[in-house]
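Here is a short report for a reader meeting this structure for the first time. Please look over the sequence and the structure before reading on.

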Amino acid sequence: MSTTYTRDDTGPARPPGGPAGRRLSVRSVLVWTAVALAGAVAWTVLALSRGETVSALWILFAALCSYAIAYRFYARFIARTVLRTDDRRATPAERLHNGVDFDVTDRRVLFGHHFAAIAGAGPLVGPVLAAQMGYLPGTIWIVVGVIFAGAVQDLTVLFFSMRRNGKSLGQMVREEIGVVGGVAALIAVFAIMIIILAVLALIVVNALAESPWGVFSIALTIPIALFMGLYLRRLRPGRVLEATGIGVVLLLLAIIGGGWVQESALADALTLSKEWLVLALVVYGFVASVLPVWLLLTPRDYLSTFMKVGVIVLLALSLLIARPVLQADAITDFAREGTGPVFAGSLFPFVFITIACGALSGFHALIASGTTPKMVAKESQVRLIGYGGMLMESFVAISALIAACVIDQGLYFAMNSPAGATGGAVESAATFVQGFGFDTSAQDLAAAAAAVQEPTLISRTGGAPTLAVGISQIFSDAFGGNLQAFWYHFAIMFEALFILTAVDAGTRVGRFMLQDTIGNVWKKFGDLSWRPGNVIASAVVVGLWGSVLYIGVTDPLGGVNQLFPLFGIANQLLAAIALTLVTVLLIKHGKLRYAWVTGIPLAWDLIVTMTASWQKVFSDVPAIGYFAQADRYRDARDAGQLLAPAKDQGQMDQVVFNSTLNGVLQSLFAVLVLVVVVNAVVVIARAVRAGGLPTTEEPAVPSALVEPSGLFATAEEKRAQADHERLVGSGGGQQ
Amino acid sequence: MTAADVRSAVVRAGRGVRWYLREWSGEARWDDHLRECAAHGHAPLTRREFERRRSDAIERNPVSRCC
């Protein structure tokens, strides 16, 4: 940097973005050196241990130390030097305050809102599946990925959207890159959302199928939410905490009740096949989308968020108490050979695709543009909310990875390999995993199922049951009391609850998107209060994800095995669109020399997603390439043969159809993203030549607010706030 | 540290948690409304009417939940 501060400056030099970046005090040099050393030791232990017992806490410490350093130094560099957040500028929340969507919100409260919105099942499921490659690749990517890609994306998108009054990702792509890119981005966002909803629903179906306990407790969440909704509407309006407290108690009773139901005559009636669960979910999704939100969606959301945060905190604490030992290898042979049964493909690119949300999630760009930026009080707070929020999400992913790596690895593979591979019974599954060199016996597999009181754990794919087994083991170790079955169903309930919340909220967002888009040509359809429009749009969205879900559930090759890569690639492609947008914006703002901050993660993400897409489309290995798979089954079918795991001619047709469809979707996503990128390259070339281009950034308006920027207010910030409140009179809020 | 110190720390922490949960859940918006009405000399809405308007606003602004 060429900035110089002359000696006759009055007062300390203050770059925009708050108090000057003073030299570090001796104390903070010591503290940060200690953090760096602790992190380095933890990483060294993880990297060098082979064939000995390694405590899972090393993963936890390696991650936490890395996060702390990244937040303190890299996030601060991005906020202050690259983006130049400016607290003298009023945010949209301050300028356009309307108490509805534009609303100045305390940074800590907004952090909670933002985290609740971004955290979902992805960071829990992805790392569990990626554990088939060992604990090390997953750990490294979750930590490195979040620091240099995921959190950077969330932070920069949040910042640029905030500077544009909270415009959505699609809108910004259209205005800043071009109409072609904008249309491609719009279609991509909608299509990707459908896939994501279908895969999320698939995880729930796999977790609940043949489990009367799970079905009973999850089904009860609906009447519980309806009760809360009516309570808040009619009995005691606005008493959210009271209603949520009652709801959580009822929820715990529903889990306990499930244990009794499982032993009772009702068990048979509640043992549902996957097909019936699909139907139930589709009907539920449709009803939830047309009902008023106060009745079902809002109360469910409170419940699911409380459960989510509660379980995450509990998991972190119990890891510290139980101090489990890693059972997985650092790197398995599947990482090198790409022949793993959980998902096919080698470490590069598929570990990055599979982990997805815990390290980098394109879906976050939809939340970081739109809702959150309209509520930020001070520009510099985007570091805490955007970057900090994503670090938290990454921490969740790390906890999930640990949970998958501390269970018996023979059990892990028996649970996560498709039924076509394990044969579905304990004996055949034991033989199958013994083939990989595990000494897990049929008795062990049966005992593991009995411990959590499930009929079977074989081929319970999707990640949720594995995570629940891991969590139940860690919780029982930590708290004692032989409650493993309760904890298992508690964990299933918590996952299913917030996946369903994501599914119904996503259906609704998809419905709005569809109504908005079609509203451009047919005005009446865009009117959100027009009933027939709501019903038609809801039916279309539910119908779309419902059919993909049905295809996944009935896929002879295993839905998760086939669809999860599509989900991961879709999510990472969305991230590519978001990173392209922010890179274009940096260059348009004349910050070419800092474009690497988003440019490097973008380049990496494009390499990963395009390689993965290429392999999924063009690979001639049938386990990897969708079209190669379709060809293999088509040739066999035409020759009148049956190929395992297909059991009849109908299933052969199904494999051919599904693989072709997946291949087409895969190609479509990749092409849409390439359209956005090519359009962006044109704009970048123009901007580089001109040394910058005008953007749609709102002009600066001076701010009248004084608020701290980090999680904890510094002494200086407290003084400034007190001074300000003396001058203008207190706003009344607690500090 | 005396027992009184501990007690006051616990009370402060409890108050902080309650403040956070009320802010986060939106319960505190009612207090904001009352305060604003008092400051401007308007008559406040009934709680029922206020919450109804708030939930109608949420109806039009869907919250996204991520994967």
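The report takes up the interface, then the aromatic pairs, then the salt bridges.

## The interface

This is a predicted model. How many residues of chain B are in contact with chain A? The count is 27 residues of chain B, and they touch 53 residues of chain A. The area buried between the two chains is about 3500 Å². Carbon and sulfur atoms give 58% of that area.

Polar links cross the interface too. Between chain B and chain A there are 2 salt bridges. In one salt bridge, the side chain of A:R508 meets that of B:E59 at 2.5 Å, N to O. Across the interface of chain B and chain A, 13 residue pairs are in polar contact.

Three helices of chain B each supply at least two residues of the side that touches chain A: α1 (3–25), α2 (28–40) and α3 (47–60). Which element gives the largest share of that side? It is α3(B), with 10 residues. By class, the side of chain B that touches chain A has 10 nonpolar, 4 polar and 13 charged residues.

## Aromatic pairs

A pair of aromatic rings is described by the distance of the centres and the angle of the planes. Over all chains, the whole structure holds 33 aromatic pairs.

Take A:W141 and A:F352. Their ring centres are 4.9 Å apart and their planes stand at 85°, so the pair is edge-to-face. The pair links distant parts of the chain. A:W141 sits in helix α6 (residues 135–162) of chain A, and A:F352 in helix α15 (residues 347–355) of chain A. They are 211 residues apart. A:W141 has a relative accessible area of 9%, so this residue is buried. A:F352 is buried as well, because its relative accessible area is 10%.

A:F486 and A:F490 form a stacked pair. Their rings are 6.1 Å apart, centre to centre, with 25° between the planes. Both belong to helix α23 (residues 484–519) of chain A. They are 4 residues apart there, so about one helical turn separates them. A:F486 and A:F490 are both buried.

Some rings gather in a group. A:F334, A:Y412, A:F413, A:F432, A:F436 and A:F438 form one aromatic cluster.

## Salt bridges

Side chains of opposite charge can pair when their charged atoms come close. The count over all chains is 26 salt bridges. The table lists some of them.

| Salt bridge | Closest N to O distance |
|---|---|
| A:R163 and A:E379 | 2.7 Å |
| A:K167 and A:E175 | 2.9 Å |

Where do A:R163 and A:E379 lie? A:R163 is in the loop between α6 and α7 (169–176) of chain A, and A:E379 is in the loop between α16 (363–368) and α17 (382–405) of chain A. The pair therefore ties together parts that are 216 residues apart in sequence. Both A:R163 and A:E379 are buried.

Are A:K167 and A:E175 buried or partly exposed? A:K167 counts as buried, at 17% relative accessibility. A:E175 is partly exposed, with a relative accessible area of 36%.

In chain B, B:R47 and B:E51 share helix α3. They are 4 residues apart, about one turn of the helix. B:R47 and B:E51 are both buried.

Salt bridges also join up. Through shared partners, A:R89, A:R163, A:E379 and A:E697 form one network.

Methods
Residues are numbered from 1 along each chain as its sequence is written. Chains are lettered from A and ligands numbered from 1 in the order in which they are written. This is a predicted model: local features need pLDDT of at least 70, side-chain atom pairs count only at pLDDT 80 or more; totals for chains, interfaces and linings use all residues. Side-chain values use heavy atoms; hydrogens and water are left out. Contact means heavy atoms within 4.5 Å. Buried area is the accessible area (1.4 Å probe) that two parts lose on being put together, summed over both. A salt bridge is a side-chain nitrogen of Lys or Arg within 4 Å of a carboxyl oxygen of Asp or Glu. A polar contact is a pair of N or O atoms within 3.5 Å; within protein, one must be able to donate a hydrogen and the other to accept it, and residues adjacent in sequence count only if both atoms are side-chain atoms. Ala, Val, Leu, Ile, Met, Phe, Trp, Tyr, Cys and Pro count as nonpolar, Asp, Glu, Lys and Arg as charged, and the others, Gly among them, as polar. Rings of Phe, Tyr and Trp (its six-membered ring) pair if their centres lie within 6.5 Å; planes under 30 degrees apart count as stacked, over 60 as edge-to-face and the rest as tilted. Buried means under 20% relative accessible area, exposed over 50%, partly exposed in between (1.4 Å probe, protein chains only).
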